[in-house]
Amino acid sequence: MSDKITLQRIELVHPLLREEVREIYKEISERLTGRADVRFSHTLRTFKEQAEIYAKGRTAPGKIVSNARPGRSWHNYGMAVDIVLLVGGGALWDIRTVFDGDGKPDWIEAVQVFKEFGWEWGGNWKFSDPPHFQKTLGQTIDGMHKKFLAGKVDSKGYVII
């Protein structure tokens, strides 16, 4: 549990999920005993950042990478995490490879940890998004967006749940 970038990104997670996300990271780090480490590549994402991502493949060059407009992603509320594996200093989005010799793909070991904590995995969706995990705490994206627009946020800008 030593990736400084991941530790910084955990601090951006919604306060109600932050400690749990620390535990998830710790557990994944303990299970991945080989060459691969996990990095949380995205947690909180601003509406501006979401607009830029949503534009890809639409009004900006590139392939479509998100179906979520600004305010319509759980990342916008700090309630989603995207991961990547770090192997030999490089980022890898390989969900099948076993780097620690235990017979279980390292990516799937990370998925299992998130699931054990009750998080939804984007790899199960029709628009498959294997790096993505979210926990909604019984909220809806419409409800979160309405609360945000109504200013029902704490002093740091997180929607009050």
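Of the 161 residues in this predicted model, 39% count as buried, where buried means under 20% relative accessible area with a 1.4 Å probe, protein chains only, exposed means over 50%, and partly exposed lies in between. Because the model is predicted, local features need pLDDT of at least 70 and side-chain atom pairs count only at pLDDT 80 or more, while totals for chains, interfaces and linings use all residues. Residues are numbered from 1 along each chain as its sequence is written, and side-chain values use heavy atoms, with hydrogens and water left out.

The overall values are listed below.

| Property | Value |
|---|---|
| Radius of gyration | 16 Å |
| C-alpha box along the principal axes | roughly 50 × 35 × 25 Å |
| Accessible surface | about 8,700 Å² |
| Distance between the centres of positive and negative side chains | 8 Å |

Carbon and sulfur atoms hold 53% of the accessible surface, which is computed by the Shrake-Rupley method with a 1.4 Å probe. The charged set comprises 24 positive and 21 negative side chains, with Lys and Arg counted as positive, Asp and Glu as negative, and His and the chain ends not counted. Each charge is placed at NZ of Lys, CZ of Arg, CG of Asp or CD of Glu.

Five helices and five strands make up the secondary structure, in the order α-α-β-α-β-β-α-β-β-α from the N terminus. These are DSSP runs, helices being H or I with at least four residues and strands E with at least two. Among contacts with a separation of 6 or more, 58% join residues 24 or more positions apart; contact means heavy atoms within 4.5 Å.

The largest nonpolar core has 31 residues, and V21, I28, F40, I83, F114 and W119 have the most contacts inside it. Two or more residues of this core come from each of α2 (18-31), β1 (36-42), β2 (80-87), α4 (106-116) and α5 (141-149). Such a core is a set of buried Ala, Val, Leu, Ile, Met, Phe, Trp, Tyr and Cys residues joined through side-chain atoms within 4.5 Å. Beyond four places in sequence, W119 has contacts including L17, V21, F114 and F133.

Helix α5 also holds H145, which counts as buried because its relative accessibility is 18%. Leaving out residues up to four places away, H145 touches F47, P70, G71, R72 and Y77.

In helix α3 (residues 47-55), Q50, I53, Y54 and A55 are buried. G57 follows α3 with a positive phi near 80°.

Methods. Rg over C-alpha atoms; globule rule 2.2 N^0.38 Å.
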